[in-house]
Amino acid sequence: MANDTVPRIVAERYELIEVIGRGGMGRVFRGFDRRLKRQVAIKIIHPHLAENNEWERRFVREAELMARMSHPGMATVFDAGIDPGPPEQPFLIMEYVNGVTLDSILSARGRLPLGAVAGICAQTAAVLAEAHGHRIFHRDLKPSNLMLCADGTVRVLDFGIAVALDADQTRLTRTGSGIGTPEYMAPEQVRGSSVVPQTDLYALGLVMYEMLTGVRAMLGSSEFDTMFNQINTAPPILEPERDKVPEELAVLVRSMLAKEPVDRPADAVTVHGVLMRYVGALDGLMEHPDPASPARLYAAAVGASAATRTAMPQKRLEVGDAAAAPEFTRGDLDRAVRRARDLADESRYVPAIGALKDSLGVAVPQLGARDVDVVDARVRLADLCLESGDYVQASAFYSDLIDDLTAERGPYDDQVMYCQRQVATCQVHSGQVRAALTRLRKLHAQLAAWHGESDARVVQLSEMITQIRAGTR
C-alpha cells in the first residue's frame, strides 16, 4: 500500500492502491482515476530525487518521450504533472497493463517453445521499431520488462531510462549513460559509449537466447564478471543448448549478439521479418488465455488484410524506376554521412555535398523523407552547406526540414528548433539581420509562453538574440 511519503490521492484525482513496481527513478502504483472511473498505473519519482532538478527533468523527459510514441505494444500515457504535496512530486499516469512478466514465466517453465519465443520477440521487435523510429532507445530490455497479457499481446514496459538522440543532444539525454541491467547490457552500454538501435537488439538477442535455452548467455559469478563477459567473451553457441533450432534463427541470435553494433542486424524491422516465419501460439504460456478477445479479433483482421495486400500483383519494375535500384541500407547512409564529414574536414566541400546529395537521392525514395536516419543525413547536408558558405542553399535545406518535421513532431521538437536557429544563422551571414532577429524573437515568445523563461531552449534563444544584436552594433 502507499506509505506516508506518498500522498494517497495524486493531483486530487488519482487514488494510489498498491505498489506494483520499483525502479531507479521511482515507484509504480496500481491506481484509480476517480474522474474517468478506470484503473491506471501511476509512476511517482522517489522523494529524494524529486529534490534534484536534474532527476525531475529526466522524469518529465520520460513523459515527453512516451507520449511521442503510439503503439499497441506499449502503455499509453494519459497524464503527467507535479503533485503539490507535501512533498512536491512529479507523477506520470499510464495505462494499467494486466498480465504476467516474462521473467515469471521463465522462472516457472524454463525454456519456452520455439513458436512462443518467436512470437514474443517478434512483438517486441515491432515495439522497438516504433521507438527507434523516433530515435528513442529502451536501454533496459529484459524479461521483467516484457509482459504477456491474456489476449496474447506482449507489452514492453518501463521506458524510464530511455534515451532520445536529438540533433542538439543535451546533457540530460546523456545522464546515467551506464544505467541498465548487466545481464542484458550491450558492450557499448557497459563501456558508457553512445547507444544505437542495435543496443536494444543485443538485449533482445540475450532475451531470445534465454527463452530458447533457459540459460542467461553472459551471466558471470559477479556483476563485474558479467560486464566483463559482455565486452570480451564470445556468446555461447545456441545449438548445443537447444536442439532443432532452425539455422536461420540460430544465425539471427548469433548476429544480434555480435560485439560490434555494425555487425548486428540493420534494424528491428529486419529482426521482425525473420521471426515472423516461426511465430507460434502463446496460449500455452498463460493460465487463462482469452482467444476471443477484441484485441485478437482486430489483429486477425489486420493480418488477413495485410496478407491480401501482399498477395496482390505488383507493378512490373522498369529500368530506371527508383524501386528497381539496388537496396540502400541505413548502414550505407551512415557511411555516406561519415564520408562526407571526412571530405569536409579536408575542406573538400564540393565533393562532400555532392556525394551526400546523391546518397539521399537514393535513400529518400526507399526510406522516406521523414525517416529519422534520413532526417539526420538531411541535417548534416544542410550543415555542410552552411560550413561551406552556401547560405542560400543551406537555408533552403533547413526550411524544408522545418516544414517536414513540424508537420510530424510539432514546432518545438529539438531538431525543428535546431533548424530554426540555423536558418537565422544563415540569414545573419547573408546580411538579413532583421529577418533573423524577427524569427528568433517570435520563437522565443512562443516557447517562453509554453515552457517558461527558465527552459533551456528559451535561454539559448535569448543568448543567440543577444549575440546577434551585439554583433550589429
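1. Rings of Phe, Tyr and Trp (its six-membered ring) pair if their centres lie within 6.5 Å; planes under 30 degrees apart are stacked, over 60 edge-to-face, the rest tilted. This predicted model holds one aromatic pair. Tyr-14 and Phe-91 make a tilted pair, 6.2 Å centre to centre with 55 degrees between the planes. Tyr-14 belongs to strand S2 (residues 14-22) and Phe-91 to strand S6 (residues 89-95), so the pair ties together parts 77 residues apart in sequence. Strands are DSSP runs (E, at least two residues), numbered from the N terminus. Both Tyr-14 and Phe-91 are buried (under 20% relative accessible area, 1.4 Å probe, protein chains only).

2. The model is predicted: local features need pLDDT of at least 70, side-chain atom pairs count only at pLDDT 80 or more, and totals for chains, interfaces and linings use all residues. Residues are numbered from 1 along each chain as its sequence is written, and side-chain values use heavy atoms, leaving out hydrogens and water.

3. Strands S7, S9 and S10 form an open antiparallel sheet, in the order S7-S9-S10. Pairing needs at least two DSSP bridges between two strands. S7 (100-101) and S10 (154-156) are at the edges with a single partner strand each, so one side of each has no neighbour in the sheet. S9 (residues 146-148) pairs with S10 over three bridges. Val-154 in S10 is the bridge partner of Leu-148.

4. The largest nonpolar core has 59 residues; Leu-102, Leu-112, Phe-159, Met-211 and Leu-275 touch the most other members. A core joins buried Ala, Val, Leu, Ile, Met, Phe, Trp, Tyr and Cys residues through side-chain atoms within 4.5 Å. Another core, of 31 residues, lies apart from it and includes Ala-352 and Cys-385.

Note on methods: Helices (H or I, at least four residues) and strands (E, at least two) are DSSP runs, numbered from the N terminus. Buried means under 20% relative accessible area, exposed over 50%, partly exposed in between (1.4 Å probe, protein chains only).
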